[in-house]
Amino acid sequence: MDRDRLGVDLARQQTKLIRELRAVRISSDLAVTDVAKAMGVDDAVVYRFEKGGTNPTLATVRRYALAVGAMLEFGAVSVSEHARDCIRRAADSIERDPGRRAAFVSFHTREIEGSWLDHPVPDVQEKTATKWNAELHG
């Protein structure tokens, strides 16, 4: 896995953590002003934190977690283990969803048979409407 891809995945994990912390705040019925007061900062700091408008330090993340009553769980894995996990999750997702499986097979079939640019992309709305009409009219 190259460094750029790893950087993207790390940024996604950070965004996911902040979304999860915000969800804890909301489920705890805490307003942004409550969290800001508990952290000793201005409301705008909390708004920017929740919107991803900052690159918070670990200390800031801990202070926010304390203010909303959240427990943080951290972990680290090697890049190769992370890549295996990503592939495993993608494969599981494809296996569970027949639509994704069909799209995956179709894409890779075109890839093997020739350039995907040589094949027209099916109109998703048209397919959905056709399927809906068939189900509706029997």
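Start with Arg12 and Asp9: both sit in helix 1, 3 residues apart, about one turn of the helix. Helices here are DSSP runs of H or I, at least four residues, numbered from the N terminus. The model is predicted, so local features need pLDDT of at least 70, side-chain atom pairs count only at pLDDT 80 or more, and totals for chains, interfaces and linings use all residues. Residues are numbered from 1 along each chain as its sequence is written, and side-chain values use heavy atoms, leaving out hydrogens and water.

Draw the distance between this pair. Arg12 forms a salt bridge with Asp9, with the closest N and O atoms 3.7 Å apart. The term means a side-chain nitrogen of Lys or Arg within 4 Å of a carboxyl oxygen of Asp or Glu.

Now show the surface. Is Asp9 buried or exposed? Asp9 is buried, at 7% relative accessibility. Arg5 is partly exposed, at 40%. Buried means under 20% relative accessible area, exposed over 50%, partly exposed in between (1.4 Å probe, protein chains only).

Next, select Lys16 and Glu20. Their salt bridge has its closest N and O atoms 3.9 Å apart. They are 4 residues apart in helix 1, about one helical turn. Lys16 is partly exposed at 36%, and Glu20 is partly exposed at 41%.

To finish, the salt-bridge count comes to 6.

Key. Helix = DSSP H or I, 4+ residues; strand = E, 2+ residues; numbered from the N terminus.
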